[in-house]
Amino acid sequence: MSLPTAQFNHHKYQAFKPVELAQRQWPNNTLVEAPTWCSVDLRDGNQALVEPLSVVQKMQMFKLLVEIGFKEIEVGFPSASQSDYDFVRELIVGGHIPDDVTIAILTPARESFIRRSFEALEGVKKALVHLYNSTSKVQREQVFKLEKEGITRIAVEAAKVIKQCADEASQTQWRFQYSPESFTGTELDYALEICNAVNEVWQPTAEQPVILNLPSTVEMSMPNVYADQIEWFAKHIAHRDGVIISVHTHNDRGCAIAAAEMACLAGAQRVEGTLLGNGERTGNMDIIIMAMNLYSQGIDPQLDLSNIQTISQQISQLIQLPVHPRHPYIGELVFTAFSGSHQDAINKCMKVYQAGDKWEVAYLPIDPADLGRSYEEVIRINSQSGKGGVAYILEQALGVQLPRWLQIEFSQQVQAYAENQGHEVSAEKIVTLFEESYIDSSDADWSLNTYNMTQQFDPQQKSLSVQIQKQDQAIQLSGEGVGTLDAFVQSIEAHFKQVITIVEYSEHALQIGNEAQAMSFVRLKIAGQLYSGVAKHRDVINASLSALLAAMNRFR
Ligand code: KIV
Ligand code: ZN
């Protein structure tokens, strides 16, 4: 069989040219606050959908975005789509726009389209008119077949029409935004020139700023290069005080979030993106991830994502795209550790965290509980898991703190079970395995009926008489020893003619509702073999004797 001829040929690509930027500042900066967010789910996100949203679905999405706390929402491209037009009208006429939310619409640089966009916006209290035209070298030369002057003229003429339309509808508070579309494929000095030309029309001031949005319409370089572009632009743009630098990154190289974050270090004040990163090709910048990244650094993201699970389910349903199980912060598996050493570390750190207030837990960048995730999801058990994970599950489920020797013993049993089954072992199954292995007794087992202990003259020395029972057979045992357990062992040895050594013993208090109980763990060595038993009782001596009997029963 012959394979198809390989087309894979890196020689046809060229490396992106770095920006000449003397003494770049952004690598020394840190993020200290959230940028202004603008959701473009209803425009860029919607444009990328196999099945664009209906007006009803757009309204659901809009309400969700408002609930999350977006103050700027790009709601559509009303001059190009009737459905977007109808939706914008419904938002305005139906009074659905809260006073503190500004809607934005996108318009191309064509007079008829601009006028139609203003028609769609009639009666709105405040709005952002977002003008774009493509400025990249490849588009100028191969798509529009125009020189730079021609492209600049298109933008400037459109900016004038927008200003005129806005002046004619002065009851609305208008704001303007310009995007040199394909900014990343545009020579930096030309991007600056065209933005300055548009601003000469709009005359921005600190009170009436213009948004200059610099999109990586196609992500073409590493995010540090994009950050250089933004820093260079911010340094050279005229009317700097009247300009809000905005970024709008796409994810072609998988770095849309990093690019937006680094752009903020470099001076960007506003970030456009979508929830879950839906958008053309590999998508837009995922605002949820960037916001949560800020949150994880102790910065208020200014968006309420505490309900992220419900939000992502709703978004996923609306856009008809599944959420990947490893989607940062949201995916089903992103807080889960299967590996034994990770589970062990998480288990230990969680104990330390309970005593403090600063989150510092190995393998978990944020507290899953902040996003409504349960700790049960954190540690899941399969054949790669170890003692820490199994101990963690039992502690969560039963409040039991297994001693280390029993953690090792029981985790081996669970691992063998997982290997045998060939799949994950649920928390319920782990509890059942534990109870069957160490606690449960059958009719054929001995159980404790009563005991009576008397102290000898030597306070260490104990005399014990115990009644144990198996079905209808009850026997009375008695013995003396150093401590209660020792006395019990003496009595059993005498009765069953068996040499027994206690090799491990521990107990801890257990709170069940309002009641305190004792949990005892015993390991015996009998005829060279080890047997472990566990028991729980309100009376600590009863718990210890019963645990010893449970271990004996395993032997018998
Ligand atoms: O990706 C892009 O360049 C856009 C612009 C219209 C801002 O979506
Ligand atoms: Zn875009």
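Biologist: Why does Cys165 count as buried?

Modeller: Buried means under 20% relative accessible area, with exposed over 50% and partly exposed in between, using a 1.4 Å probe and protein chains only. Cys165 has 6% relative accessibility, so Cys165 counts as buried. This is a predicted model, in which local features need pLDDT of at least 70 and side-chain atom pairs count only at pLDDT 80 or more, while totals for chains, interfaces and linings use all residues. Residues are numbered from 1 along each chain as its sequence is written, chains are lettered from A and ligands numbered from 1 in the order in which they are written, and side-chain values use heavy atoms, without hydrogens and water.

Biologist: Why is the pair of Asp44 and His248 said to tie together parts that are 204 residues apart in sequence?

Modeller: Asp44 is in helix 1 (residues 41-47) and His248 in strand 7 (residues 243-249), so the pair joins parts 204 residues apart in sequence. Helices (H or I, at least four residues) and strands (E, at least two) are DSSP runs, numbered from the N terminus. Asp44 is at 4% relative accessibility and counts as buried; His248, at 4%, also counts as buried.

Biologist: Which residues is Thr217 in contact with, leaving aside its neighbours within four places in sequence?

Modeller: Contact means heavy atoms within 4.5 Å. Thr217 is in contact with Glu181, Ser182, Phe183, Thr184, His250, Asp252 and Arg281. Thr217 is in the loop between strand 6 (210-216) and helix 8, and its 16% relative accessibility counts as buried.

Biologist: Why is the pair of Phe410 and Tyr438 called edge-to-face?

Modeller: Rings of Phe, Tyr and Trp (its six-membered ring) pair if their centres lie within 6.5 Å; planes under 30 degrees apart count as stacked, over 60 as edge-to-face and the rest as tilted. The centres of Phe410 and Tyr438 are 5.8 Å apart and their planes at 75°, so the pair is edge-to-face. Phe410 is in helix 14 (residues 404-421) and Tyr438 in helix 15 (residues 427-439), 28 residues apart. Both Phe410 and Tyr438 are buried. Ring pairs link Phe410, Phe434 and Tyr438 into a cluster.

Biologist: How do you know that the buried residues of helix 4 line one face of the helix?

Modeller: The buried residues of helix 4 (residues 111-120) are Ile114, Ser117, Phe118 and Ala120. Seen down the helix axis, they fall within an arc of 155°, so they line one face. The arc is that of the directions from the helix axis to the C-beta atoms. These buried residues pack against helix 3 (82-93), strand 3 (102-108), strand 4 (126-134), helix 6 (148-168) and strand 5.
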